[in-house]
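Please open the model in a viewer and keep a selection tool at hand.

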Amino acid sequence: MESSFRAVSFADSDAFAEWQIALGWDVQSTQLTYGPQEICFDHFELPGIVTVHFRLAQSQYDVWEPPQGTVLFLICRAKLPVVWNGTIIPPSQLAVVRAGMNHSAKLPAGWDCYEFIVEEELIRRTELFPPEFFEKTARVEDARLPLPEPQTARFLDRMDGYFRLARKADRERAQSVDGAEFSDFVLHGLREVIDAGLTGAGTPPSRRVRGANLVPDARDFMEAILRETLTADQIAQSLGVAYRALHYAFRESLGVSPSRYYLTRRLHSVRKQLKSGTALVTEASLACGFFHPSRFTRQYKRLFGELPSETRNGD
């Protein structure tokens, strides 16, 4: 069976998003916590399925949609909850991401998960899910399954072993793990944890974030006004909601205030221009509403761990 392994890493969220967009994903990634970002996206490509070990150094907010004809399954390894489509999900849950639906997730610093990107035809052929449950996952609110800790831990420990062997073979340019063996293991392991989860012996229930539906509208509005400098109160007024409700929704869903998220998106916009070489530092910062150079430089370095000029010069 044909298979390939690649260990890919990125130093910032924008480069990671651009790489995924080139692969056919509709993605936006925003770094939320301060400091140098490190994103590791090691992955096996097998017929009908891509298996990914995904890790983050800093917290990140992702909005994305898988390519048509595929489904993404995600099992969180980090012992921290994730805010998934406005719902706080404990570790050891299976999240199901269907094509044709816009998904969002606030991933904590130290995020560690396994993702399985599977063609729908393979899901039907292997009966990975009972058909009635798979149909339910077309609704975002039903696209999760609590998984029992023992079976899930054993499965992910075996995944770690396969990926360690693959990384070693990749470094030494040696033969990697057998593709057919690994594919059989992944499908069998997923079936086991899914079946165990469907019996009801899972983790604690998820909790819906109050006001989470405000976040997508506010996010889209902010994207349209990145060149302005509105306050959170002005944004709330523009959306016709109370400032308190908007603040609570952002703090619960993303762990940051609306003002902080808006600032972060404007800084990401500057960074994108600097990396593309289309603007000088002053031009890019002024275009995104940063009128005080020294303050802008401090904010930029605090978030990304480098000076704007270093980004512009590719240092």
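Select D160 first: leaving aside neighbours within four places in sequence, D160 is in contact with H53, R77 and Y114, where contact means heavy atoms within 4.5 Å. D160 belongs to helix α4; helices (H or I, at least four residues) and strands (E, at least two) are DSSP runs, numbered from the N terminus. With a relative accessible area of 13%, D160 is buried. Buried means under 20% relative accessible area, exposed over 50%, and partly exposed in between (1.4 Å probe, protein chains only).

The model is predicted, so local features need pLDDT of at least 70 and side-chain atom pairs count only at pLDDT 80 or more, while totals for chains, interfaces and linings use all residues. Residues are numbered from 1 along each chain as its sequence is written, and side-chain values use heavy atoms, with hydrogens and water left out.

**Helices α4 and α5**

Next, display α4 (residues 149-172) together with α5 (residues 179-198): the two pack at an angle of about 165 degrees, with their axes 9 Å apart. That angle makes α4 roughly antiparallel to α5. Axes are lines fitted to C-alpha atoms, for helices over the stretch in contact, and angles run from 0 to 180 degrees between N-to-C directions. Angles under 35 degrees count as roughly parallel, over 145 as roughly antiparallel, 65 to 115 as roughly perpendicular and the rest as oblique.

The crossing of α4 and α5 is left-handed. A crossing has this hand if the near helix is turned anticlockwise from the far one by less than a right angle, and is right-handed if clockwise. To see the contact, select Q151, T152, F155, R158, M159, Y162 and F163 on α4, then E181, F182, F185, V186, G189, L190, V193 and A196 on α5. These residues of the contact divide into 10 nonpolar, three polar and two charged. In this scheme Ala, Val, Leu, Ile, Met, Phe, Trp, Tyr, Cys and Pro count as nonpolar, Asp, Glu, Lys and Arg as charged, and the others, Gly among them, as polar.

**Helices α6 and α9**

Move on to α6 (residues 214-224) and α9 (residues 258-276), which pack at an angle of about 40 degrees with axes 10 Å apart. The arrangement of α6 relative to α9 is therefore oblique, and their crossing is right-handed. R219, M222 and E223 of α6 meet P258, Y261, Y262 and R265 of α9. By class, this contact has four nonpolar, no polar and three charged residues.

Which residues of α6 are buried? They are L214, V215, A218, R219 and M222. Because they cover an arc of only 125 degrees around the axis, they lie on the same side of α6; the arc is that of the directions from the helix axis to the C-beta atoms. An α-helix has 3.6 residues a turn, so residues three or four places apart point the same way. On the other side of α6, D217 and A224 are exposed. The buried residues of α6 pack against β2 (26-31), β5 (60-65), β10 (103-107), α7, α8 and α9.

**Helix α7**

Select α7 (residues 232-239), whose buried residues are A232, I235 and A236. An arc of only 100 degrees around the axis puts them on the same side of α7. Their cover includes α6, α8 (243-254) and α9. After α7 comes G240, with a positive phi near 75 degrees.

Most residues other than glycine have a negative phi. N85 is in the loop between β7 (82-84) and β8 (87-89) and counts as buried at 12% relative accessibility. Then select E127, another residue other than glycine, whose phi is positive and near 50 degrees. Its loop runs between α2 (120-126) and α3 (131-136), and E127 is exposed, with a relative accessible area of 63%.

Not counting residues up to four places away in sequence, Q20 touches W25, V27 and F41.

Finally, select P47 in the loop between β3 (39-46) and β4 (49-56). P47 is partly exposed, with a relative accessible area of 46%. The C-alpha atoms of P47 and E119 are separated by 9.0 Å, although the two residues are 72 residues apart along the chain.
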